[in-house]
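Work through the exercises below with the model open beside you. Try each task before reading its solution.

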Amino acid sequence: KVVILPHVLALSDREVAALRARVGRGEQLLGDVLPGTYDAHLRRRAAAPSLPVRLVPGLDRQALRAALPAVVQPSWRVEGGAGDVTIRVLRLGGRIILGIEGTQPGAVPEPSRVLTVRFDHPRAVRDLGGGEAERVRDRLEVRLVGGRPALLSLGPERPLH
């Protein structure tokens, strides 16, 4: 529902038409600069295409969180980390793979650490390192051992109804 245009200065006429079509379907455009000031051949246009772009200065993660909390905020949170937890997200089709690391690069890893991953609503989850079958749950405790990351496979969201 949102098209993010980070520092998009050049757009072809075809790309402008495609963006207008997306807006016509109810999608929002976010950018940090007025997009399309230049054409596909990097020639300055007399005027940028009239696109309803919401300008977000900086367009970094913090600015996006403020502009679109529902889009940027994940449907999970990790508890038990003292600000030193790194989470990597990979989307594969309808699945999400979470990689959770408990120490910063170069730091001495803790021998063992337990973190809790809580989901906003029940969803299909499998701890890829734990050997358990996938189950629908609203939270999962993961044990980080010797600095190795935990890998979780998240299936489609299953809201409570």
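Helices (H or I, at least four residues) and strands (E, at least two) are DSSP runs, numbered from the N terminus. This is a predicted model, where local features need pLDDT of at least 70, side-chain atom pairs count only at pLDDT 80 or more, and totals for chains, interfaces and linings use all residues. Residues are numbered from 1 along each chain as its sequence is written, and side-chain values use heavy atoms, with hydrogens and water left out.

**Exercise 1. Fold and confidence**

Task: State the order of the elements from the N terminus on, then find which helix has the lowest mean pLDDT among the elements.

Solution. 
- Step 1. Count the elements: the protein has 3 helices and 9 strands.
- Step 2. Read them from the N terminus: β-α-β-β-α-α-β-β-β-β-β-β.
- Step 3. Check the confidence. pLDDT is the predictor's confidence in each residue, from 0 to 100. Its mean over the protein is 80, and 82% of the residues reach 70 or more.
- Step 4. Helix H3 (residues 69–72) has the lowest mean pLDDT, 54. Helix H1 (residues 13–24) has the highest, 94.

**Exercise 2. Burial and contact range**

Solution. 
- Step 1. Buried means under 20% relative accessible area, exposed over 50%, and partly exposed in between (1.4 Å probe, protein chains only). Contact means heavy atoms within 4.5 Å.

**Exercise 3. The largest nonpolar core**

Solution. 
- Step 1. Define the set. A nonpolar core consists of buried Ala, Val, Leu, Ile, Met, Phe, Trp, Tyr and Cys residues joined through side-chain atoms within 4.5 Å.
- Step 2. The largest core has 14 residues, and Trp76, Val117, Val142, Leu152 and Leu154 have the most contacts inside it.
- Step 3. E6 (95–101), E7 (112–127), E8 (135–145) and E9 (150–157) each supply at least two residues.
- Step 4. Inspect one member. Beyond four places in sequence, Val117 touches Trp76, Arg77, Val78, Ile100, Asp138, Arg139, Leu140, Val142 and Leu152.
- Step 5. Look elsewhere. A second, separate core has 9 residues, including Val3, Leu11, Leu29 and Leu51.

**Exercise 4. Buried or exposed?**

Task: Classify Thr116, Asp39, Leu42, Thr86 and Leu92 by accessibility.

Solution. 
- Step 1. Thr116 lies in strand E7. Its relative accessible area is 12%, so Thr116 is buried. Beyond four places in sequence, its contacts are Arg77, Val78, Glu79, Arg139, Leu140 and Glu141.
- Step 2. Asp39 sits in the loop between strand E2 (28–31) and strand E3 (53–55). Its relative accessibility is 18%, so Asp39 counts as buried. Beyond four places in sequence, Asp39 contacts Ala10, Leu11 and Arg45. Its C-alpha is 7.3 Å from that of Asp13, 26 residues apart along the chain.
- Step 3. Leu42 is found in the loop between E2 and E3. At 62% relative accessibility, Leu42 is exposed. Its phi is positive, about 60°, although Leu42 is not a glycine.
- Step 4. Thr86 belongs to strand E5 (residues 86–92). At 17%, Thr86 counts as buried. Thr86 and Gly99 are 13 residues apart in sequence, with 8.0 Å from C-alpha to C-alpha.
- Step 5. Leu92 is also placed in E5. At 49% relative accessibility, Leu92 counts as partly exposed. The C-alpha atoms of Leu92 and Ser153 are separated by 9.9 Å.

**Exercise 5. A positive phi**

Task: Locate His7 relative to the elements and give its phi.

Solution. 
- Step 1. His7 is in the loop between strand E1 (2–5) and H1.
- Step 2. Its phi is near 50°, a positive value in a residue other than glycine.
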